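Notebook open, one chain to go through today.

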Amino acid sequence: MSGRKVAAFIILMVCLGLSFPVPEGAAFKVGVGQSYRIDLGIKIRSFSVSAPSVASISVSGPGEFVVIGKAPGSATVIYWTEANVPASLDVDVWGRSETPE
């Protein structure tokens, strides 16, 4: 597919109000005791966190969730869409005495 066709397809999807999952491997940082809201715009079937002692998830809507930093470290959040398509997000949680990069 040419670049113009891809751009036209994306514009069409936006005009139709369709959303895509957060890009695979996206990453973000959050502090201990802080939260980061993710609005995917699509319905999510289930979640998993690789290190529940580092971060937890709170579902805030059909396509929204909040990642809460619990302890310094790294975790991966995997979610499955209603269509059973998996995607992941990397989370770095920094401590209260640290400064995020």
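My entries follow in that order.

**Ground rules.** I'm working with a predicted model, where local features need pLDDT of at least 70, side-chain atom pairs count only at pLDDT 80 or more, and totals for chains, interfaces and linings use all residues. Numbering runs from 1 along each chain as its sequence is written, and side-chain values use heavy atoms, with hydrogens and water left out.

**Layout.** I counted 1 helix and 7 strands (DSSP runs: H or I of at least four residues for helices, E of at least two for strands, numbered from the N terminus). Along the sequence I read α-β-β-β-β-β-β-β. Of the 101 residues, 30% are buried (under 20% relative accessible area; exposed is over 50%, partly exposed in between, with a 1.4 Å probe and protein chains only).

**Core.** I looked up the largest nonpolar core, which has 20 residues (buried Ala, Val, Leu, Ile, Met, Phe, Trp, Tyr and Cys joined through side-chain atoms within 4.5 Å). L40, F65, V67, V77, L89, V91 and V93 touch the most other members. β1, β3, β5, β6 and β7 each supply at least two residues of this core, and β7 gives the largest share, 4 residues.

I then picked V91: leaving aside neighbours within four places in sequence, its contacts (heavy atoms within 4.5 Å) are F28, V30, V67, G73, S74, A75 and V77.

N84 sits in the loop between β6 and β7, and its phi is near 65°, positive in a non-glycine residue. Most residues other than glycine have a negative phi. N84 counts as partly exposed because its relative accessibility is 45%.
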